[in-house]
Amino acid sequence: METIQDQMRQLKLVRIAEELPLLLQDASKREASYAELLQDLLGRELSAKQDRHAAMKTTMARFPFQKSLESFDFKFQPSIEPKVIRELAAGRFIADADNVLLLGPPGVGKTHLAVGLGLRACALGYRTMFLTASSLVASLTRAHQENRLEEKLKLLVQPRLLIIDEIGYLPLERLGANLFFQLVSRRYERGSILITSNQSLAGWGQVFGDQILATAILDRLLHHSTILNIKGESYRLKEKRKSGLLTRSEPYTEPGAEVEASS
Ligand SMILES: Nc1ncnc2c1ncn2[C@@H]1O[C@H](COP(=O)(O)OP(=O)(O)O)[C@@H](O)[C@H]1O
Ligand SMILES: [Mg+2]
């Protein structure tokens, strides 16, 4: 037994090396055939390996928090069709390098869904990166100033799924908007971008400070894409409203509320 376990460890079959005595016992109880036993052992090692890879990809993605699609309450958000999210969760859009845009006012679950889809992408084995729009633009700008834009763009093209959260909270400077365009062009038909924005697409001209640039960006983003327009009220304010702290009943969409609510 020890010899086999040692050989397994040398082959880096760590999971089954550990479980071997129990697995063998169990197999003899079930009177499993050699083939069945082998399939069981390899299956376990393979799934352990997939779990390790998914965990590594999840760490590398740098999500701001970990919230799954399973914990998303679709009943609270009837403007989202669960079927559309299920289809996205299957990861086909990543294989096809298609894009996803999640649009809607603050608190409707855009970031939650973006993280949930990102976690699915990691579980499916796709390299994923999560960035806020402002940190992305800041790091592109820095790279440009330090003469290493090319290097930075290459890094940002690598992940199969790039999640850019919160476009539109801050209007971009001319340089930032330009660098953003370069990134979108680089990834066009090469890798998926998932964007969340509190602005409708009509407002992107203002966000990018230039209608022509915004149109060029949208042209590439939208060519192969799924757009979800999330309507409705803030989940964050739901509890407050319930307890009577808030009396207004119309959707709460004031942009400043986001900063306050998330801090
Ligand atoms: N439908 C929902 N079901 C469960 N939790 C939700 C839902 N919508 C929003 N939330 C939660 O409310 C908070 C705000 O959501 P978030 O995704 O940050 O909103 P947004 O990015 O649209 O401003 C988060 O804690 C999120 O998990
Ligand atoms: Mg958000």
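Mentor: Residues are numbered from 1 along each chain as its sequence is written, and chains are lettered from A and ligands numbered from 1 in the order in which they are written.

Trainee: Why is helix 7 called roughly perpendicular to helix 9?

Mentor: Helices are DSSP runs (H or I, at least four residues), numbered from the N terminus. The axes, lines fitted to C-alpha atoms over the stretch in contact, have angles from 0 to 180 degrees between N-to-C directions. Helix 7 (residues 133–145) and helix 9 (residues 174–187) cross at roughly 95 degrees, and their axes come within 9 Å. Angles of 65 to 115 degrees count as roughly perpendicular, so helix 7 is roughly perpendicular to helix 9.

Trainee: Which residues make the contact of helix 7 with helix 9?

Mentor: Contact requires C-beta atoms, placed from the backbone, within 7 Å. Helix 7 contributes Val137, Leu140, Thr141 and His144, and helix 9 contributes Leu175, Gly176, Leu179, Phe180 and Leu183.

Trainee: What surrounds ligand 1?

Mentor: The shell has 17 residues, with Asp73, Gly109, Lys110, Thr111 and Tyr235 the closest (C-beta atom, placed from the backbone, within 6 Å). Helix 6 gives the largest share, three residues.

Trainee: Where does pLDDT stay under 50?

Mentor: pLDDT is the predictor's confidence in each residue, from 0 to 100. The protein's mean is 92, but residues 250–263 stay under 50. Where pLDDT is low, the predicted coordinates should not be read in detail.

Conventions. This is a predicted model: local features need pLDDT of at least 70, side-chain atom pairs count only at pLDDT 80 or more; totals for chains, interfaces and linings use all residues. Helices (H or I, at least four residues) and strands (E, at least two) are DSSP runs, numbered from the N terminus. Angles under 35 degrees count as roughly parallel, over 145 as roughly antiparallel, 65 to 115 as roughly perpendicular and the rest as oblique. Two residues are in contact if their C-beta atoms, placed from the backbone, lie within 7 Å.
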